[in-house]
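Take a look at the fold below before reading on. The paragraphs after it go from the whole chain to single residues.

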Amino acid sequence: MLRPDSKMRSVLIVFGPQGSGKSTQVKHLAQKYNLKVFEAGAKLRELSIVDENIHQQITSGQLVSNQILRQLVEDYVSQLPSDQGIIFDGYPRNQQQCQDFKELVEKYDWQVTLIYIHLSDKSAKSRLSMRFQLIDGKKIYREDDKPEIVERRLVTFRKETLPVKDWLAEHYRSIEIDGEPAVDAVTDQINRALEPIIND
């Protein structure tokens, strides 16, 4: 349950391919349900500032060890009240991390719900091709939104991330959301899907 008076920690894991609006929905959920967000990439970037070894791993494209990520999660959780709900964004991301996560669920007695935002490759490519920032009046597009890079990212998502999503769906409550409509419509879907969980 996500009720504030619940003593069981509610944990949401949000999954979705590039362009699915996952980050936007995470922000909405955090605000609506007073949840803290563990964003794996951001936590690793913070750590890299003070840890040269981690910095070198990240900048060279190497994967940071599962042990380091698990320790980051445990350190983060230990600083929160025992009933504070959490959203995990970017964790777990491989089979070993799934096993680590399962141990944490059992250790801390979490109630886990997976939210998967489905989006077709065609829509993902279209949305990413239109993302830009205005800097000095000029449209600046992200390097990782170039078509050839987007294609590689989507292949990686299907190969490495979807199996993790499937594993989580087998072990925990899960809801699947249609990510094709506009942002507000996706938000409404998520809210409706969570209602029975909130009132469980």
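**From the whole fold to single residues**

Start with contacts, meaning heavy atoms within 4.5 Å. Residues 24 or more positions apart account for 74% of the contacts in the protein with a separation of 6 or more. This is a predicted model, in which local features need pLDDT of at least 70 and side-chain atom pairs count only at pLDDT 80 or more, while totals for chains, interfaces and linings use all residues. Residues are numbered from 1 along each chain as its sequence is written, and side-chain values use heavy atoms, with hydrogens and water left out.

The protein has eight helices and seven strands. Helices (H or I, at least four residues) and strands (E, at least two) are DSSP runs, numbered from the N terminus. Of the 200 residues, 42% count as buried. Buried means under 20% relative accessible area, exposed means over 50%, and partly exposed lies in between, with a 1.4 Å probe and protein chains only. The accessible surface comes to about 11,200 Å², and 50% of it belongs to carbon and sulfur atoms. Such areas come from the Shrake-Rupley method with a 1.4 Å probe; for residues, only the protein chains shown count as cover.

Next, look inside. In soluble globular proteins, nonpolar side chains tend to be buried together. A nonpolar core is a set of buried Ala, Val, Leu, Ile, Met, Phe, Trp, Tyr and Cys residues joined through side-chain atoms within 4.5 Å. The largest one here has 28 residues. Ile13, Phe38, Phe88, Phe101, Trp110 and Leu168 have the most contacts inside it. Which elements supply at least two residues each? They are strand 1 (10–15), helix 2 (40–50), helix 4 (66–78), strand 3 (86–89), helix 5 (95–108), strand 4 (111–118) and helix 7 (147–171). Helix 4 gives the largest share of this core, five residues. Apart from this core lies another, of 16 residues, among them Leu12, Ala30, Tyr33 and Ile197.

Leaving aside neighbours within four places in sequence, Phe101 is in contact with Val11, Ile13, Phe88, Tyr91, Pro92, Trp110, Val112, Leu168 and Tyr172.

Two of those partners, Tyr91 and Pro92, are joined by a cis peptide bond, with omega about -5°. Pro92 sits in the loop between strand 3 and helix 5. Most residues other than glycine have a negative phi, and most peptide bonds are trans. Asn34 is not a glycine, yet its phi is positive, about 55°. Asn34 lies in the loop between helix 1 and strand 2. Asn34 counts as exposed, because its relative accessibility is 57%. Asp109 also has a positive phi, near 60°, and is a residue other than glycine. Its place is the loop between helix 5 and strand 4. With a relative accessible area of 48%, Asp109 is partly exposed.

Now the helix pairs. Axes are lines fitted to C-alpha atoms, for helices over the stretch in contact, and angles run from 0 to 180 degrees between N-to-C directions. Helix 5 and helix 7 pack at about 25°, with axes 10 Å apart. So helix 5 is roughly parallel to helix 7. Angles under 35 degrees count as roughly parallel, over 145 as roughly antiparallel, 65 to 115 as roughly perpendicular and the rest as oblique. Gln95, Cys98, Gln99, Phe101 and Lys102 of helix 5 make the contact with Pro163, Val164, Trp167, Leu168 and His171 of helix 7.

Helix 7 has another partner, helix 6 (residues 121–129). Their axes come within 11 Å and cross at roughly 140°. Helix 6 is therefore oblique to helix 7. Asp121, Ala124, Lys125 and Leu128 in helix 6 meet Val150, Glu151, Arg153, Leu154 and Arg158 in helix 7.

Finish with two loop residues. Gln18 lies in the loop between strand 1 and helix 1. Gln18 and Phe157 are 139 residues apart in sequence, but 8.3 Å apart in space, C-alpha to C-alpha. Beyond its neighbours within four places in sequence, Gln18 is in contact with Leu119, Ala124, Leu128, Arg153, Leu154 and Phe157.

Neighbours within four places in sequence aside, Leu35 is in contact with Leu12, Leu29, Ala30, Gln84, Gly85, Ile86 and Ile87.
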